[in-house]
Each structure stands twice: as C-alpha cells, then as structure tokens.
Amino acid sequence: MSVKYNIVERGNPSNPQAPRKYYPSIQSSGRVTTRELAEMAADRSTLTTADMMAAIESFLAIVPQQLAKGNIVELGDFGTFWLRSTAEGAQAPEVANATQITSLLPRFNPGKTFKKVLRTVEYARGTVAQEPEPEQ
C-alpha cells in the first residue's frame, strides 16, 4: 500500500519574480465514511456495526465539546487534540481581550502509535502539474 503524490510547479507568493520550483504534493486515494470505519472497527471487536456507529458518533460529538470547554483531548498513543487561536495584537496588556481572536483551529499531535504507522508509508509518484500563473 502506498500514498500517491504528484509533482506540482509552484511560484513563491512572496517573490513572484523568483524561479518556480517543483514540489511533491500528496494526492487523496479516496474517502472513508463513518459507516465504513464502523464496519472495519466492528470486524476487529465484539461490537456490531450499529454499536460501533453509535460509539463513533458519540466520540465525534464529545471531542469538539471537550475542546470547546478548553480541554486537551488525549487519546493515548494515538495522539492529542487541542485548540490553537490566532489573534490581532494589542499595544498593552490591559487592552488585550478575546475580541482580538480572529480564528480558532483544532490541532492534532500524533502519538507514538500514529507516528510509527506514518514512518512505514511508501510513496508512488503520479503526474507533473503546473500551478496557474499568479494574476498581476
């Protein structure tokens, strides 16, 4: 099993005059639905697909709720989810407040087991594609 990638030619957005370079870009091999995940997990356990669907749906509801409470969600050797924010700066600490937060993004840090699997990934080269020229 391998991860497919294409070669993409890209310019430097901060320096449009710089020579364009070629980069490998991971390509999706498809999608896996929650139902398909539940079926795969049910095959590895004593739970039925319906029971596994209920467990996964509960998990998918609980993780965002815990993040919204400000908690870090630790999933053992799988990894950890937490929230990261971007914000506008203030000139002094007394005027800094939550209204400066411009975005809130979930982040994931893979754990030992996850990283171990990623180290075994093999790659298969696809095509070469060009990025469109930037508009001037």
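Two strands are taken as paired if DSSP finds at least two bridges between them. In this predicted model, three strands form an open sheet in the order E3-E4-E5, and their pairing is antiparallel. Strand E3 (73-74) and strand E5 (101-110) lie at the edges, each pairing on one side only. Strand E4, residues 79-87, runs antiparallel to E5 and is joined to E5 by nine bridges.

Five aromatic pairs were counted. One of them joins tyrosine 5 and tyrosine 123 in an edge-to-face arrangement, at 6.4 Å centre to centre and with 80° between the planes. This pair links distant parts of the chain, since tyrosine 5 belongs to strand E1 (residues 3-10) and tyrosine 123 to strand E6 (residues 123-130), 118 residues apart. Tyrosine 5 counts as buried because its relative accessible area is 18%, under the 20% limit. Tyrosine 123, by contrast, counts as exposed because its relative accessibility is 56%, over the 50% limit.

Phenylalanine 78 and phenylalanine 108 form a tilted pair, with 5.5 Å centre to centre and 50° between the planes. Phenylalanine 78 lies in the loop between E3 and E4, whereas phenylalanine 108 lies in strand E5, 30 residues apart. Phenylalanine 78 is partly exposed, at 42% relative accessible area; phenylalanine 108 is also partly exposed, at 27%. Both residues belong to one aromatic cluster, formed by Phe78, Phe81, Phe108 and Phe114.

Methods. Residues numbered from 1 in each chain as written. Predicted model: local features only at pLDDT ≥ 70, side-chain atom pairs only at ≥ 80, totals over all residues. Heavy atoms only, no water. Helix = DSSP H or I, 4+ residues; strand = E, 2+ residues; numbered from the N terminus. Phe/Tyr/Trp six-rings, centres within 6.5 Å; stacked < 30°, edge-to-face > 60°. Buried < 20%, exposed > 50% of the residue type's maximum accessible area, 1.4 Å probe, protein only.
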